[in-house]
Every structure is written in C-alpha cells, then in structure tokens.
Amino acid sequence: MGSVHYFDVASTAPLHPVARQALTAALDEGWADPARLYRSGRQARMLLDAARETVAEALGARPDEISFTASGTQAVQLGMLGALRGNRRRGAHLVHSAVEHSSVLHVAERHEAEGGSVTAVGVDRHGRVTPGAFAAALRPDTALAVLQSANHEVGTVQPVTETAELLGEVPLLVDAAQSAGRAALPGGWSLLTASAHKWGGPAGVGVLAVRKGVRWSSPLPADERERGRVPGYVNVPAIVAAAASLRAVRAEAAAEDARLRALVDRIRARVPGSVPEVEVVGDPVHRLPHLVTFSCLYVDGEVLLGELDRAGFAVNSGSSCTSSTLTPSHVLAAMGVLTEGNVRVSLPLGVAEEAVDRFLDVLPGIVAGVRAPLGLDLPAPEPTVGTLVVDALGKRCPIPVIELAKRIGDVPVGGTVVVLADDAAARLDIPAWCEMRGQEYLGAEGTRFTVRRSF
C-alpha cells in the first residue's frame, strides 16, 4: 500500500493549487528577461516586482530588501557569508544556536576553517535558547549572530524578538524556513531567509531579506541582478508562483492554526500512553502548530518509517538533513534527548482529523512489530499515578467542563486531571469551574488544562 497520508510538510509541502495556477499563467506571460526594455521584458518585470512586493509584505520587509535565490540553503549561505564579509572590520566571531539547520553549521565550519571563530549556544531540553545566555556569548569582535525562528526537527519556536533586543549592534540572521507562511514572524532581525517549497511554492525559490542599512558584501563575483546579492538569471514564473502561494497559505494558516495545534496536542498526549518506552520531544507550548517529534527506544528509525509508509503514512525522521549519515541528529543531541527511533510528524493544511486518529491507532502495533524480533517484553505504558487525561479536543463547551466534572472523582485526592480542549471558552470555563467547586486549577499549556483534585 502506498503512502496515502502525507505527514511530512516540514521537508517539503505539496505544490499549492494557487501556485500551480500562477505558475502556468506566468510561464506564458513572464518568460522573458525582466531586465530588458521591450514589451515582453517589461511584462516579466511587472510580474517580478509584484511578486517581490507580496513576499516583502508577508515577511515584514520592504520590497527593495528582498532578493530571490535558488533555494533556502543558498539564501542562508549568501546571507551569512555576506554579513560576515560586510562586518569584517568589527571582527570575525560568529554566534549561532546549537540546533540550527545544517546549512548554518556548514557555513560556520567554513568560517572557522578560514580563521574565524564560532560559538554555538546551547539549548534546554525542549530545544529552546535562553535570550540571556545567547547574548552572553557575544564578544566585542562578534560580526554576526544566527538564530532560527523555529526548529525544523522538533518545532520549538525560539525567543527571537527577546534575544534580538539584547544583541545591540550585532546583526541577527533569522532562518525562517519552517515558519514563513505558517506562523507570525519575529521582529528584530537584520537578515531573514526562507524557502518557497516549505510553504507550498515550487522548489528552486529561496528568499534573502537584508534590512536597509545592514552591512552586507557579496562573497561572490559582482552581478547586477537581484541588487547584486544573487548572481544569475531569475526564474520569474517560479517566483510568481511562490509569492501567490505564500499569500494563499498565510490566509489558510490563520484559520487552521488552532485546529492543527489541537491535533498535535492529541498526538503528544496519546503516543506516550499507547507506545512503551517513547519520548515526545520539543517545547509543548512554544512550538509550531503542525509539527511533533517523538523517539522510540529499541527501534531502527528507518525500519519504523518504512513500516509506517506501508501502512499509508509518509512521515520522516526529525533530522532530514542527517538521515543519510550514521551520526545522530545534532539537534536531538544538543537537547540531550533520545536520538534513536525518531519520528517527525508535520501535518499539512487541511489534514483530516480521521487521518490523525488512524495514525494513532496503527502506530502502537507497528512499533511493537518492529521491536518483536528483539524479544523484548515491554508492557503497555502505565498511566501516571494519580493523573488522568480527558480528551475533549474538537468538542465545544460545556462538554470539556462536563467531562472534567464526570472524571475528577476517578483520581485520588491530590491527583491531577489533564483536560485536552481547543474550544476558546474552555480557557475561561475550566478555571471558573475549579473556583466554584473548590478544585485547584494548575494552569494551561496550549490546549492542555491541568486540575488537581482537592477533596
């Protein structure tokens, strides 16, 4: 059975219908050289300018700050190398988080090999940097800082805006490949990169934004195109399609955010309760709405992904950029979490709730089947003593409160009930119910509401 449910948009999203439509039209109308003055050239230039304005508006930049590259990786490489070269009078020290994309790490390795110095700032167990610790890594000779908006393996959103406020005059490059089009982008950046195929645009289009006034000097020979930042002929039809799909995806994501977040909360809650020896990783609150990663002990990750594919689910390991090597994920290693048997689920816009439930139904049996040849006797996970999870996702109030009232007696005094609810009223009604009934409300994390039984 082939893969029916595609749960790997963190690697690449399917071409959005709007992108396909825009690409077809632009192939007819925007094929000419936009640098030429004849009619077809002017038409291509108009399309390119309109696409640049659309992307600039989506990223919170000015059109003249936007350049199009051949990929997100190229955008990162040109952004970093150009900023380091432009700020070489300041020094040759580079600071980045320990969980950046491999494109950042490869530039850092080259920079260090050529005589520069590099500091990788550690993260907590959720994969999140501390703004103060990141700022403390700066030196008088720091030329550039790099911090991703959200992690590509575990979905953790970084405190970019808060960190940027502590960097002073040091320019900050933000890799927004995973969040552009899907989530609000942070402020405080000096340079920003993105990749169209991550949001449903065509592959082969990256974005490099350089703020006006930021020192940046091309590391490549001079070329007049794309403001001298990116050499070579631009693919106008693909850029037009990328811009059109970015606008469409932003509108859809605004409506889908809460629903996808609730589905991921469902995965985060149910997987540890149904699969023995598993760890869900990444920040449970500060995270992308559509991405979740978990790791299974005693499981070969490639075998597990293959079995899930045969069951009709296309998922990936948390580290798509290192899956072809034998080294553990540098992201998971930096977090200090389990690196084996890693599965990353990234849900597409419009995914059916039934598809997620089916994934959760088949996963325990598949993991058990992969482990069976090892002869391990792993019992089903025992629920945490005194803790009960009530799944009320997708149900409108007063149902979550009713379910809480029905189940609070199932835990001992001092035990806790975690209510999973995505209805907006639950945020008000559950604390109010606790106040009325004399139960202790412990707070909320995303769509998880925790109540302790008081009597």
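## Helix α8 against α10

In this predicted model, helix α8 passes α10 in a right-handed crossing. Helix α8 covers residues 301–310. The two axes come within 10 Å and cross at roughly 135°. An angle of that size lies between 115 and 145 degrees, so it counts as oblique, and α8 and α10 are therefore oblique to each other.

On the α8 side, the contact uses Val-303, Leu-304, Glu-307 and Leu-308. On the α10 side, Phe-359, Leu-363, Ile-366, Val-367 and Val-370 take part. Eight of the residues in this contact are nonpolar, none is polar and one is charged.

## Helix α7 against α10

Helix α10 (residues 353–371) also meets helix α7 (residues 236–274). Here too the axes come within 10 Å, but they cross at roughly 15°. Under 35 degrees, two directions count as roughly parallel. Helices α7 and α10 are therefore roughly parallel to each other. Their crossing is right-handed.

Which residues of α7 meet α10? They are Arg-259, Leu-263, Arg-266, Ile-267, Arg-270, Val-271 and Ser-274. Their counterparts in α10 are Glu-353, Val-356, Asp-357, Leu-360, Asp-361, Leu-363 and Pro-364. This contact holds seven nonpolar residues, one polar residue and six charged ones. Leu-363 of α10 takes part in the contact with α7 and also in the contact with α8.

## The three-strand sheet

Strands β9, β10 and β12 form an open sheet, in the order β9-β10-β12. The pairing is antiparallel. Strands β9 (278–281) and β12 (342–346) stand at the edges. Each has a single partner strand, so one side of each is left without a neighbour in the sheet. From one strand to the next, the twist averages 20°.

Strand β10 spans residues 291–296. Five bridges join β10 to β12, and the two run antiparallel.

## The seven-strand sheet

A further open sheet has seven strands, in the order β2-β8-β7-β6-β5-β3-β4. Its pairing is mixed. The edges are β2 (66–69) and β4 (117–121). Each of these has a single partner strand, so one side of each lacks a neighbour in the sheet. Neighbouring strands are turned by 20° against each other on average, direction ignored.

Helix α3 (residues 72–86) packs on this sheet. Helix α3 touches β2, β3 (93–97), β5 (142–146), β6 (172–175), β7 (191–195) and β8. The direction of α3 makes about 165° with that of β7. Ile-66 stands opposite Ala-209 in β8.

## The chain as a whole

How many helices and strands does the protein chain have? The secondary structure comes to 12 helices and 16 strands. Along the principal axes, the C-alpha atoms fill a box of roughly 75 × 50 × 50 Å.

The protein chain has 455 residues. For that number, a compact globule would have a radius of gyration near 23 Å. The chain has 24 Å, which agrees.

Note on methods:
Residues numbered from 1 in each chain as written. Predicted model: local features only at pLDDT ≥ 70, side-chain atom pairs only at ≥ 80, totals over all residues. Heavy atoms only, no water. Pairing = 2+ DSSP bridges. Helix = DSSP H or I, 4+ residues; strand = E, 2+ residues; numbered from the N terminus. Axes fitted to C-alpha atoms, helices over the stretch in contact; angles between N-to-C directions. Parallel < 35°, antiparallel > 145°, perpendicular 65-115°, else oblique. Left-handed = near helix turned anticlockwise from the far one by under 90°. Contact = heavy atoms within 4.5 Å. Nonpolar A, V, L, I, M, F, W, Y, C, P; charged D, E, K, R; others polar. Rg over C-alpha atoms; globule rule 2.2 N^0.38 Å.
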